[in-house]
Amino acid sequence: MTDNQNNGTMIPRSLFVYALLYGGLVVLAGVLGTKISEIGPLHVESGIFAFLMLVVLSSAVAELHGKDIADKLVRYGFIPLILSMALIFIVIRMPPAPFWTLQDQFAGILGQGARLQLAGLISYGISQTLNVYVFTKLKGEGTGRAAWLRGLIAGLLSQALDTVLFITIAFYGVVDPGSGQEMPIVNIMTGQIIAKLTLVVVFVPILITACVKLGQRLDAKPA
């Protein structure tokens, strides 16, 4: 455990470790999301993999330390997310060294527009809050200690909502410069939801179970 010198409390080792991972993955999700990957017949933004880990970690923290702590984890996640956006904005606009010729590629990949950033902030906050709420609410609704089942249900709902919010805010009314038509947000949304829900079903129950058990082991070790 880590001793908090300011108030004399002890931070559980699992919470310390998972909070570090959570903050890093919040930032990584935005970077990975700039690549569109192919999974079978579906095309999905690669940030989904980091976001699934955020679902897993927030659920594991809720199971180990309660809803209030998990809600704080989600809220504090805005700090590294907003800070990383600000730093990327500043670095992109700094003049490159004369011998460095990748400025356009760097700006093209990481230079998300304000609308995409707003969409990411809103969808992150609402979907992760919903995930923690549903996960903990189900504990008192008959699912008992089945953390994997609660995590599966919460993950399915939160990731579906995350996709609807992000795609709608980011692309509603946006015209595709190639075709001159509005972006097909329903088609984009459908593919994203199918891909996310499939990955949630396959990975989330296993990962939540593993993270809860690992957290219990970390907390059981003497300081």
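Visitor: Which element gives the most to the lining of the largest pocket?
Guide: That is α6, which gives six residues to the lining. Helices here are DSSP runs of H or I, at least four residues long, numbered from the N terminus. A pocket is an open set of 1 Å grid points where a 1.4 Å probe fits, with protein on both sides within 12 Å along at least five of seven lines, and lining residues have an atom within 4 Å of a point. Keep in mind that this is a predicted model, where local features need pLDDT of at least 70, side-chain atom pairs need 80 or more, and totals for linings use all residues.

Visitor: How much space lies in that largest pocket?
Guide: The largest pocket holds about 690 Å³, counted as the space filled by probe spheres set on the points.

Visitor: And which residues lie nearest its centre?
Guide: Of the 32 residues lining the largest pocket, Gly30, Gly33, Glu45, Gln112 and Phe166 lie nearest its centre. Residue numbers start from 1 along each chain as its sequence is written. The elements that give two or more residues to this lining are α1 (13-32), α4 (78-93), α5 (103-110), α6, α7 and α8 (185-220).

Visitor: What classes of residue make up the lining of the largest pocket?
Guide: There are 19 nonpolar, ten polar and three charged residues in it. Asp, Glu, Lys and Arg count as charged, Ala, Val, Leu, Ile, Met, Phe, Trp, Tyr, Cys and Pro as nonpolar, and the others as polar.

Visitor: What about the second largest pocket, what volume does it have?
Guide: The second largest pocket has about 340 Å³. Helices α1, α3 (67-76) and α4 each supply at least two residues of its lining. Among the residues that line it are Leu15, Tyr22, Lys72, Tyr76 and Pro80. By class, that lining has eight nonpolar residues, two polar and one charged.

Visitor: Back to α6: how does it pack with α7?
Guide: Helix α6 (residues 114-139) and helix α7 (residues 147-171) pack at about 160°, with their axes 8 Å apart; axes are lines fitted to C-alpha atoms, and angles run from 0 to 180 degrees between N-to-C directions. So α6 is roughly antiparallel to α7 (over 145 degrees). The residues of this contact divide into 19 nonpolar, ten polar and four charged.

Visitor: What span should α7 have?
Guide: At 1.5 Å a residue, its 25 residues should span 36 Å, and the end C-alpha atoms are 35 Å apart, which agrees. That expected span is 1.5 Å times one less than the number of residues. Just after α7, glycine 173 takes a positive phi of about 80°.

Visitor: At what angle do the axes of α2 and α6 cross?
Guide: They cross at roughly 40° and come within 10 Å.

Note on methods:
Heavy atoms only, no water. Parallel < 35°, antiparallel > 145°, perpendicular 65-115°, else oblique.
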